[in-house]
Amino acid sequence: MSDVLNQAIVSGLLIGGLYAVMSVGISLTWGALRIINLAHFSFILLGAYATYQISTSLEIDPLFALLVVIPAGFLAGAIMQIFFELTKVDEFQSLIISFGSVIILQSIIRTIWTADFRRIDRDINPYESMSFFVGDVAIQVPLLLAFGAAVGIALGTSLLLSRSYFGKAVRAIVDDPQIARAYGIDNRRVAVVLSGLATAFSATAGVFIATFQSLSPSISLGWFGIVFPVVILGGLGNAVGALGAGVIVGVAAGVASVQWGPLSASLVTFLILIAALLFRPQGLFTRQGSS
Amino acid sequence: MTRRTKALAGFAVAAIVINLVPALAEALDTPGFYITFMFTAFFWISQAVSWNILTGYSGYFSFGQGAWFGVGVYTTGVLAAKEGWPFLVALPIAGALAAAFGLGLGLVVFRLRKLSGEIFALTTLAVAFVLASVARLYSFIDGGRGIFMTGTPLPEFLGDFRTAMFRMTFVVAFLTVLAAYLLYESRVGWGLFAIRDDEQVAHGLGVPTFRYKMVALGTNAFFSGLMGGVWALQIGFVTVDDVFNIRVPLFVILMSVLGGMKHWMGPVVGAVIIYTLTDRLNSAGLEDVNQIIIGGLLIFLVLAVREGIYLRMRMRWILTLTVFGTAMAVWTFADLATSLIWDFAYASLITLLAVLLPTRQSVARVLRRGGPATPVEASAAERAST
């Protein structure tokens, strides 16, 4: 039993990295731009399908798809933000608009790739069943790769936000957009770049999902129950927090599914969400005083 | 007319409708799909209006409609179809259970010190997913096998299946609209509008915000669950994926945004128009395109008609009635379409376009002329004038 438990903890830890990559984009745009962009779920899925398509058509290693998916994601996020800036929407309007975009993108995905399950062929995808053992515990390589990407994204984003001029501008806009503008920060340009970056992260998550999972248009619905708790628990706009929260949610869900069956995982994540909202609405990893 | 005579008149009309329409349909030998069309419209009216009681009145945006609806569907599914309870006994329990879930959620989230609108919206969305996985997990609910509703016996006085569905959906829709109207006119309604405009100020002025929000959430969940309980019969074979998906929340949002969320009548108008148009698109075999159109329409409406079309229709009621009447007459007598439903769909579409034509009149001016403004109209007026 303890072997199974150890395995669940390690797998949960690794998949927590993937959860973090999926959540960090939503967390950034929500925290910094005050826009809840539900379309990120569709961009994750779109990234996964694009990886499937590129890898299958060109018969190359799926990770090469990153070269296409990251710039395309950046472009999509930037365009979406430009649309938001041009129409001057408030928070609820942006929520409804992004909800409308989800419906459109899901429908486009279903039209192109149908509702059947799609999976990258094993001959091209060396990662799918690749794993190695540390003691009795198996480490799955695709999850390890995603975890590495999560660490990179979390550290990179937090360095970018704390050290660079761009990061300073973002933090100034979060504090007070009007004053920031008075000091000469072009907040629209910063918002467009940030939204592009966030969407690129989401699309990256899709690449890793495609390396080990079958794709169907409906899988994105299930992600919501994981991403939302991770975003809240990590603290809005906090990339390192998202990584920590992803690991917590991943381990909790992994242990729950070993102990009480796979379907209990979503109940446990929901309870984590409610607990987080009740006791730490500002997120676990946010210092007191900073909002 | 006082409110009481209005309500009594409403009940009288309702009693006539549920008895006369099925009899008339039989006498005239109208095709059955007219009745089906009508009771599906009642279903959507009830869902949209009940959603608007929470979101339109209090301003708390909810994605939870699918959850309340699903609780209702599964309650009658389990009690009436699996356990063999009489259907009309299981039905009120469906509403009560959905309300209990809604109030339970409200008890937690409305107590949060820093509850923002977005957190509420996303939490309600999460509830639907959790309930879906609970239904999948426990075999006494569903367990992944689904529930057959087709053999469920209905009391004889309701008539055959179609007539029974017509009567039950009509009664639920009627009660929902009545509740929305009474709340709109009541002290609770005024309190909710104050919460929507500025919750802190409302609280400071002595509006019992927590209690009023619970009333709104409970009413929403109750009627949604009640209609869900009836609708289980129409679904026939109930599965988790069919019930707990984003279809119901998507459509109620679309319908209310189109009709207008600031007036109790808005979602009724929105529901009739959206349901008619999507039903016709589906029957024309354009289901794939349909979703894209719906998503695009939602985005367009949110940006273009913020106050919804109902207030515009009231403002330009001569235009609305003339265009609708003319279009309906032309299509019916010239026999341009194959059925009355098509006539109605074309007439609604043309009316919709006519109402959406830009105008220099503002909603505010017309409403001010028509007597004292209700708080909603006053706030709409204020926004339009700034």
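The model is predicted, so local features need pLDDT of at least 70 and side-chain atom pairs count only at pLDDT 80 or more, whereas totals for chains, interfaces and linings use all residues. Residues are numbered from 1 along each chain as its sequence is written, and chains are lettered from A and ligands numbered from 1 in the order in which they are written.

Chain B contains 18 helices and two strands. Helices (H or I, at least four residues) and strands (E, at least two) are DSSP runs, numbered from the N terminus. The C-alpha trace of chain B spans about 60 × 60 × 45 Å along its principal axes. Its radius of gyration is 21 Å, which agrees with the value near 21 Å for a compact globule of 386 residues; this radius is taken over C-alpha atoms, and the globule rule is 2.2 Å times the number of residues to the power 0.38. Of the 386 residues in chain B, 47% are buried. A residue is buried if 20 or more other C-beta atoms lie within 10 Å of its own, exposed if 12 or fewer, and partly exposed in between.

Ser348(B) illustrates the buried class. This residue belongs to helix H16 (residues 340-356) of chain B and counts as buried because it has 20 C-beta neighbours inside 10 Å. Beyond its neighbours within four places in sequence, Ser348(B) is in contact with Ile273(B) and Thr276(B).

Helix H12 (residues 266-283) of chain B packs with helix H13 (residues 287-304) of chain B at an angle of about 150 degrees, their axes being 8 Å apart. Axes are lines fitted to C-alpha atoms, for helices over the stretch in contact, and angles run from 0 to 180 degrees between N-to-C directions. H12(B) is therefore roughly antiparallel to H13(B); angles under 35 degrees count as roughly parallel, over 145 as roughly antiparallel, 65 to 115 as roughly perpendicular and the rest as oblique. Thr278(B), Leu281(B) and Asn282(B) of H12(B) make the contact with Glu287(B), Asn290(B) and Ile294(B) of H13(B).

In chain A, Ser195(A) lies in helix H8 (residues 187-212). Ser195(A) is buried, since 27 other C-beta atoms lie within 10 Å. Not counting residues up to four places away in sequence, Ser195(A) touches several residues, including Thr29(A), Leu33(A) and Gly77(A).

The two chains also meet each other. Their contact takes 27 residues from chain A and 30 residues from chain B. On the side of chain A that touches chain B, helix H4 (91-113), helix H9 (219-234) and helix H11 (264-279) of chain A each supply at least two residues, and the largest share, 12 residues, comes from H4(A).

H9(A) packs with helix H5 (residues 117-137) of chain B at an angle of about 135 degrees, with the axes 9 Å apart. H9(A) is thus oblique to H5(B). In this pair, Phe224(A), Gly225(A) and Phe228(A) of H9(A) meet Leu122(B), Leu125(B), Ala126(B), Phe129(B) and Val130(B) of H5(B).

Methods
Two residues are in contact if their C-beta atoms, placed from the backbone, lie within 7 Å.
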